[in-house]
Amino acid sequence: MAVNLVNVENVHKVYGTRTLLDGISLGVSEGDRIGVVGRNGDGKTTLIRMLAQLEEPDTGRVTHVGGLRLGVLTQHDSLDPEATVRHEVIGDLADHEWAGDAKIRDVLTGLFGGLDLPGFPKGLDTVIGPLSGGERRRIALAKLLIAEQDLIVLDEPTNHLDVEGIAWLAAHLAARRSALVCVTHDRWFLDQVCTRMWDVQRGDVHEYEGGYSDYVFARAERERIAQTEEVKRQNLVRKELAWLRRGAPARTSKPRFRVEAANELIADVPPPRDSSELMKFASSRLGKTVFDLEDVTVQAGPKTLLEHVTWQLGPGDRIGLVGVNGAGKTSLLRAMAAAARSEGEEQPAAGRIKVGRTVKLAYLSQEVAELDPNWRVLEAVQKVRERVDLGKGREMTAGQLCETFGFTKEKQWTPVGDLSGGERRRLQLLRLLMDEPNVLFLDEPTNDLDIETLTQLEDVLDGWPGSMIVISHDRFFVERTTDRVFALLGDSTLRMLPRGIDEYLERRRRMEEAAAASAPAPAAKPAAEKSAADQRAAKKELQRIERRLDKISEQEGKLHAQIADNATDFAKVAELDAKLRELAGERDELEMQWLELAEDA
């Protein structure tokens with residue numbers, strides 16, 4: 001029988017006049033993997049801080065089993081700024097000791113991309129003080145994961161991790177024997193890791209079995225059984241459930257809810273988006289041209305990030321952009337935004353970006369724009385526009401859109417200076433949408449947003465008619481709001497991925513394995529000894545391979561579309577699938593050739 005590691009008994013916690021936790025009793029047992037969700041400010045972080053005995057309840061008590069080995073990742077680390085990464089993470093272990101430990105090697109590679117910590121100026125001997133908040137957070141997480149614990153408590157562990165890092169962390173935690181309690185807004189991560197959910201709402205905590213998908217179903221099913229009125233039943237939870245059950249990506253590897261009940265619940269729920277209708281409306285607002293990139297080169301200082309990119313963002317396109325950190329995702333958006341602002345006068349380092357005459361761009365950057373701290377929330381939105389047209393006859397006032405984004409009537413009179421980081425992010429999004437743009441660039445839009453606000457944002461975007469590019473490490477959000485995924489793989493190219501983020505992770509894994517396999521080749525000439533003719537020949541062959549890879553991506557996209565069109569013709573589907581496998585084999589071979597030639601070039 002599983003032993004309770006932590007007991008929470010009749011706990012109350014009040015801040016000012018607000019009750020965050022009202023008579024809560026919970027337990028964490030051996031082997032539990034618990035995800036904690038709820039709106040920002042409802043008490044998630046307070047709950048897990050009390051679990052970890054970092055904060056005392058006003059009344060009630062929290063007890064730990066004797067000898068509990070507890071690891072905690074909070075929003076603010078306690079690293080010594082004068083220490084090195086080596087000292088904090090590895091301690092006084094000799095190189096041969098830690099390098100021979102598979103667990104330490106796995107953590108360093110998974111969180112930092114290699115044992116030598118590429119990206120850190122002196123690797124393991126880098127001093128912590130000057131590092132960024134994101135780098136310090138990864139160091140704190142590595143220190144925690146290398147140790148042995150009975151219980152791990154994590155507050156937003158996926159912050160500052162890219163898609164690959166999040167996938168590694170999910171697999172690592174799923175394989176550990178430690179119990180886990182985790183606050184995160186990353187819904188894909190919750191599905192991969194958690195087997196129970198705690199929903200913190202208005203002073204109470206509701207418990208659910210299963211991961212995030214199961215939690216969404218259970219909430220909707222509970223409302224159905226309670227015979228909630230139809231208008232309530234047609235809510236965002238059911239809409240999201242419909243997408244979870246019908247979406248192409250599998251939402252969870254071990255679905256635990258009853259499929260029949262789920263299908264009955266969503267039988268009358270339409271798809272989240274009417275793509276053809278939105279495309280027609282977007283075309284009428286934007287015309288044929290939105291952004292055309294012709295042989296474009298994008299640079300950041302002296303570094304070339306993208307080279308010879310020819311690409312088109314058309315009316316109604318909803319694009320997810322993924323890639324390794326530093327590959328140029330944000331730089332690409334900035335170059336396109338600069339061309340739009342200057343009406344085509346400001347151009348990239350090489351090539352040309354053509355912008356449609358009717359384009360009205362809204363760009364949400366990672367930095368939160370500063371607003372007058374004395375403005376009220378509603379006033380800040382009304383200064384942009386009093387009413388907004390959301391398309392298809394849908395119109396909202398500034399106050400109604402504020403409520404959709406979680407600003408209640410009372411909250412709308414709060415001074416901007418009193419808002420939290422997440423609330424300011426919401427307000428920035430609101431102001432962008434109120435300006436009625438027809439093109440949206442969203443760079444990490446999910447930062448600091450809770451799950452409920454994310455579902456509300458997704459609902460607004462479902463009916464928004466225009467072109468959109470989303471950069472996000474939130475895999476769930478990318479898959480939920482976009483129709484196609486393009487990737488920057490760190491090789492100066494932009495490629496469409498027919499199978500989305502799964503394909504991106506597979507390609508990155510193959511590239512890393514190929515790079516590792518080719519690293520010890522002793523017969524290769526040193527780079528300094530390679531002749532200029534060798535380098536020119538290698539570059540020419542690389543360009544040929546890249547052109548062929550782009551064509552293969554296009555062909556794969558067409559074949560996937562044909563398979564969808566002929567879904568009931570099994571002979572035709574088998575024929576098309578055989579062609580897809582041939583292309584995949586050719587692509588793998590070309591990528592191996594590309595990696596071998598990259599060193600020569």
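Which residue stands opposite Gly320 in strand 19? In this predicted model, local features need pLDDT of at least 70 and side-chain atom pairs count only at pLDDT 80 or more, while totals for chains, interfaces and linings use all residues. Residues are numbered from 1 along each chain as its sequence is written, and side-chain values use heavy atoms, without hydrogens and water.

The residue opposite Gly320 is Val485. Strand 12 (residues 318–323) and strand 19 (residues 484–488) pair in the parallel sense over five bridges. Pairing requires at least two DSSP bridges between two strands. Strands (E, at least two residues) and helices (H or I, at least four) are DSSP runs, numbered from the N terminus. The open sheet has six strands, ordered 14-17-18-12-19-20, with mixed pairing. Strand 14 (361–364) and strand 20 (495–497) form its edges, each pairing on one side only. The twist averages 20 degrees from one strand to the next; angles run from 0 to 180 degrees between N-to-C directions, and axes are lines fitted to C-alpha atoms, for helices over the stretch in contact.

Helix 19 (residues 500–518) lies across strand 12, strand 19 and strand 20. Helix 19 runs at about 120 degrees to strand 20.

Elsewhere, helix 4 (residues 102–112) packs against helix 6 (residues 163–175) at about 150 degrees, with the axes 8 Å apart. Helix 4 is therefore roughly antiparallel to helix 6, a label for angles over 145 degrees. Asp106, Val107, Gly110 and Leu111 of helix 4 meet Gly165, Trp168 and His172 of helix 6, contact being heavy atoms within 4.5 Å.

Terms used: Angles under 35 degrees count as roughly parallel, over 145 as roughly antiparallel, 65 to 115 as roughly perpendicular and the rest as oblique.
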